[in-house]
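Let's take a walk through this protein together, one piece at a time. Keep the 3D view open and follow along.

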Amino acid sequence: MNAQPHDIAAVESLLAFWRDAGVDACYGDAPVDHTHVAPPPALKAVQRATASVAPPLAGHAAEDAVAEARRLAAGAATLQDLAAAVAAFEGCPLRGMGATQSVFGRGNPNAAVMVIGEGPGAEEDRIGQPFVGKAGQLLDRMLAAAGLTDRVFIINTVFWRPPGNRTPTPQEQAVCAPFVERAFALLKPRAVLLLGAAASKSVLQAEEGIMRLRGRWGEWRLAEGGVSAPVMPTLHPAFLLRQPQAKRQVWADLLSLAVRLETDSVEEQG
Ligand code: URA
């Protein structure tokens with residue numbers, strides 16, 4: 001049976017829902033010995049329907065791409081330079097997978113808070129700025145309610161739209177990471193807010209699901225340059241659009257962030 005486009009869209013939407021809920025592994029009903037048994041047909045169909053994942057960069061290509069990203073990122077003295085460096089970078093496989101332009105960042109270049117999302121969606125790809133679609137509008141409303149509107153700079157773990165809004169692969173994130181790290185080093189934010197599982201796992205190099213990670217302060221420390229900041233993982237606003245009752249948790253995380261900023265600045269002044 002051939003899958004119709006609306007079936008594929010439904011499967012992709014369901015998978016996105018599970019992913020946002022923190023489900024990061026796929027199991028069939030019956031136990032499967034993954035050491036030598038092929039996945040069951042239903043799983044294979046899901047994998048085929050969502051298989052728009054770029055073939056991984058082969059051999060030294062991934063290392064070369066990361067090295068080139070590091071070189072370009074290191075040459076950027078401002079966030080504006082960095083945006084130009086990202087736009088000039090050709091090493092990310094997502095570039096050739098239907099994205100129309102690079103999407104770097106938006107917000108206050110002297111922000112106290114760096115916000116990191118997963119990757120651009122259709123609206124972001126069209127406009128060239130992160131978080132400008134429905135999820136972005138919700139994010140802006142929540143940031144405003146927490147008094148953070150002018151205190152954030154927002155970017156993503158990857159700078160090109162993954163096809164079908166799938167989650168970026170760890171390799172795609174690794175290739176873009178030097179630019180994310182350089183943004184962190186240039187901004188030197190007082191805190192970092194990570195939106196969703198993909199950003200949280202990538203930045204914190206964590207294995208746990210977002211439901212475990214969220215609401216707990218961590219630390220992001222760059223190996224080079226001595227830059228570090230407290231990090232708060234929270235749920236992705238796209239998840240909140242599907243599960244509005246989870247807004248309570250994100251609200252608690254945002255308040256924790258706002259309180260920490262206030263407490264730190266009182267301590268700095270005193
Ligand atoms: N979701 C993200 O993670 N980033 C965007 O820029 C938009 C939606």
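## Thr234 and its strand

Start by finding Thr234, which sits in strand β6, a stretch covering residues 228-234. Keep in mind that this is a predicted model. Is Thr234 buried or exposed? Its relative accessibility is 1%, and buried means under 20%, so Thr234 counts as buried.

Which residues does Thr234 touch, once you skip those up to four places away in sequence? The list is Leu193, Leu194, Leu195, Gly196, Ile210, Arg214, Val250 and Asp253. The strand as a whole is mostly covered too: of the seven residues in β6, six are buried.

## The neighbours of β6

Now look at what lies alongside. Strand β4 (residues 191-195) pairs with β6 in the parallel sense, over four bridges. Here Leu193 has Met232 of β6 as its bridge partner. Leu193 is also among the residues that Thr234 touches.

Strand β5 (residues 218-221) pairs with β6 as well, over four bridges in the antiparallel sense. For Glu219, the bridge partner in β6 is Pro230. Together, β5 and β6 make a hairpin, with six residues between them. Check out Gly225 in the turn: it has a positive phi of about 90 degrees.

## Zooming out to the sheet

In what order do the strands of the sheet run? The sheet is open, has six strands and mixed pairing, and reads β1-β3-β2-β4-β6-β5. Strands β1 (106-107) and β5 stand at the edges with a single partner strand each, so one side of each has no neighbour in the sheet.

Elsewhere in that order, β2 (residues 113-117) and β3 are a parallel pair joined over five bridges. To spot the pairing on screen, find Val113, which stands opposite Val152 in β3.

## A helix with a buried side

Next, move to helix α4, residues 79-88, where Leu79, Leu82, Ala85 and Val86 are buried. Why do these residues end up on the same side of α4? Around the axis they cover an arc of only 110 degrees, which puts them on the same side of the helix. What do the buried residues of α4 pack against? Their partners are α3 (61-74), β3 (152-156) and α7 (170-187).

Apart from neighbours within four places in sequence, Phe179 is in contact with Ala69, Leu72, Ala73, Leu82, Ala85, Val86, Phe89 and Phe159.

## Around the ligand

Finally, find the ligand. Around it you'll see Gly117, Glu118, Gly119, Pro120, Glu124, Pro130, Phe131, Asn156 and His236.

A backbone N or O atom of Glu118 lies 2.8 Å from a ligand oxygen atom, while one of Gly119 lies 3.0 Å from a ligand nitrogen atom. From the side chain of His236, an N or O atom is 2.8 Å from an oxygen atom of the ligand. How much of the ligand does the protein bury? Taken alone, the ligand exposes 240 Å², and the protein buries 91% of that.

Definitions and conventions
Residues are numbered from 1 along each chain as its sequence is written. This is a predicted model: local features need pLDDT of at least 70, side-chain atom pairs count only at pLDDT 80 or more; totals for chains, interfaces and linings use all residues. Side-chain values use heavy atoms; hydrogens and water are left out. Helices (H or I, at least four residues) and strands (E, at least two) are DSSP runs, numbered from the N terminus. Buried means under 20% relative accessible area, exposed over 50%, partly exposed in between (1.4 Å probe, protein chains only). Contact means heavy atoms within 4.5 Å. The arc is that of the directions from the helix axis to the C-beta atoms. Two strands pair if DSSP finds at least two bridges between them. A residue is near a molecule or strand if one of its heavy atoms lies within 4 Å of it. A polar contact is a pair of N or O atoms within 3.5 Å; within protein, one must be able to donate a hydrogen and the other to accept it, and residues adjacent in sequence count only if both atoms are side-chain atoms. Accessible areas come from the Shrake-Rupley method with a 1.4 Å probe; for residues, only the protein chains shown count as cover.
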